[in-house]
Amino acid sequence: FTGDFHAVTSAHNLLSAMLDNHLHQGNALNIDVRSITWKRVMDMNERALRKIVIGLGGRTNGVPREDGFEITTASEIMAVLCLSENTEDLKARLARIVVGSDLQGNAVTASQLNASGAMALILKDALKPNLVQTLKGAPSFVHGGPFANIAHGCNTVVATKLALKLADYVVTEAGFGADLGAEKFYDIKCRAAGLKPDATVLVATIRALKMHGGVAKDNLRTEDVEAVKRGIPNLIAHAKNVQSYGVPLVVAINAFETDTAAEMAVVTNECNAIGVPVATSTVWAEGGAGGMELAKTLM
């Protein structure tokens with residue numbers, strides 16, 4: 001909503017355009033067009049554009065080759081933006097982006113195409129965190145969004161470090177499951193930025209555990225303690241993965257109105273058995289008041 005995604009899209013496609021222009025102007029770097037991995041991006045899911053052929057229509061339209069589109073959040077530039085500490089770091093990371101290889105198998109980078117400076121200029125404002133507020137008036141930085149399945153799934157280092165300077169408590173999200181987002185948060189973002197979290201919150205739902213236990217989606221509103229017991233090993237595996245980082249862990253049950261006390265007791269008992277406290281959260285329904293139990297458990 002601030003134009004950050006548009007800036008990432010523009011910077012990414014600028015590199016694509018400069019790559020194809022280089023091929024058109026004689027290919028001084030001897031790039032092997034069959035090795036090019038740098039696709040174009042757009043902020044839209046469009047499966048018809050995943051595999052395309054470009055450069056058709058004669059000499060003036062460039063060199064024909066296979067290409068395709070990915071979604072903007074899957075762009076390497078989104079990941080670069082989120083890991084960069086400052087403008088100089090951003091420029092250096094952009095310069096190292098590999099677009100393909102030459103005929104001898106050597107990597108070809110954005111720096112060799114003289115694209116990284118212009119890309120950084122497009123991203124100069126996007127590097128600044130976006131300050132917004134929640135419905136209750138609490139400050140929040142919304143900045144960056146790389147996919148966790150192909151990148152590291154965390155917001156920007158800049159926003160996190162700025163928040164740590166401005167607030168007594170900072171909560172940041174690592175996207176997707178704990179075996180993906182959380183582990184990449186610790187292994188990539190924390191290492192790269194020197195961050196040392198004081199605690200981890202692992203969010204779970206009774207509904208998801210029942211689905212892991214074999215319950216069909218249409219039957220999730222019905223109490224099924226045995227299904228929760230069958231599904232709980234999934235949560236325990238995630239919890240043990242997070243425990244391996246040596247950071248205090250709390251499991252938060254994102255409670256729905258159809259969850260029963262007996263079902264939640266299964267989660268509490270199993271988590272307590274491995275030394276993990278459990279708190280119920282109803283933030284989705286009650287706002288900040290619904291997170292008081294979780295906050296007190298964390299603190």
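Modeller: Angles under 35 degrees count as roughly parallel, over 145 as roughly antiparallel, 65 to 115 as roughly perpendicular and the rest as oblique. The model discussed here is predicted.

Colleague: With those classes in mind, are α1 and α2 roughly parallel or oblique to each other?

Modeller: The axes of helix α1 (residues 4-24) and helix α2 (residues 76-83) come within 9 Å and cross at roughly 120 degrees.

Colleague: Is the crossing of α1 and α2 left-handed or right-handed, and how many nonpolar residues does their contact have?

Modeller: The crossing of α1 and α2 is right-handed. On the α1 side the contact is made by F5, V8, A11 and H12, and on the α2 side by I77, M78 and L81. Sorted by class, these residues of α1 and α2 include no charged residue and one polar residue, and the number of nonpolar residues is six.

Colleague: Are α6 and α8 oblique or roughly parallel to each other?

Modeller: Helix α6 (residues 178-193) and helix α8 (residues 225-243) have their axes 10 Å apart and pack at an angle of about 10 degrees. Since this value lies under 35 degrees, the relation of α6 to α8 is therefore roughly parallel.

Colleague: Which residues of α8 meet α6, and how many charged residues does the contact have?

Modeller: From α6 come A178, D179 and E183, which meet H238, N241 and V242 in α8. Taken by class, the contact of α6 with α8 has two nonpolar and two polar residues, and the number of charged residues is two.

Colleague: For α8 and α9, what is the packing angle, and how many charged residues does their contact have?

Modeller: The axes of α8 and α9 lie 10 Å apart at an angle of about 35 degrees, and their crossing is right-handed. In α8 the residues V225, V228, K229, I232, L235 and I236 meet A262, E263, V266, V267, E270 and C271 in α9. By class, the contact of α8 with α9 has nine nonpolar residues and no polar ones, and the number of charged residues is three.

Colleague: In the open sheet of three strands, which strands stand at the edges?

Modeller: The strand order is β9-β10-β11, with parallel pairing. An edge strand has a single partner, so one side of it is left without a neighbour in the sheet, and the strands placed in this way are β9 (200-204) and β11 (278-281).

Colleague: Which helix lies across β10 and β11?

Modeller: The helix in question runs at about 145 degrees to β11. Spanning residues 261-273, it lies across both β10 and β11, and its name is α9.

Colleague: In the hairpin of β5 and β6, which residue takes a positive phi?

Modeller: Strand β5 (residues 98-101) and strand β6 (residues 107-109) run antiparallel and are joined by three bridges, with S101 standing opposite A107 in β6. Five residues lie between the strands of this hairpin, and the residue that takes a positive phi, near 90 degrees, is G105.

Colleague: What distance separates the centres of domain 1 and domain 2?

Modeller: The protein chain is divided into domain 1 (4-123) and domain 2 (198-298). Taken over C-alpha atoms, the separation of the two centres is 42 Å.

Conventions:
Residues are numbered from 1 along each chain as its sequence is written. This is a predicted model: local features need pLDDT of at least 70, side-chain atom pairs count only at pLDDT 80 or more; totals for chains, interfaces and linings use all residues. Side-chain values use heavy atoms; hydrogens and water are left out. Axes are lines fitted to C-alpha atoms, for helices over the stretch in contact, and angles run from 0 to 180 degrees between N-to-C directions. Helices (H or I, at least four residues) and strands (E, at least two) are DSSP runs, numbered from the N terminus. Contact means heavy atoms within 4.5 Å. Ala, Val, Leu, Ile, Met, Phe, Trp, Tyr, Cys and Pro count as nonpolar, Asp, Glu, Lys and Arg as charged, and the others, Gly among them, as polar. Domain bounds come from an automatic or database domain assignment. A crossing is left-handed if the near helix is turned anticlockwise from the far one by less than a right angle, and right-handed if clockwise. Two strands pair if DSSP finds at least two bridges between them.
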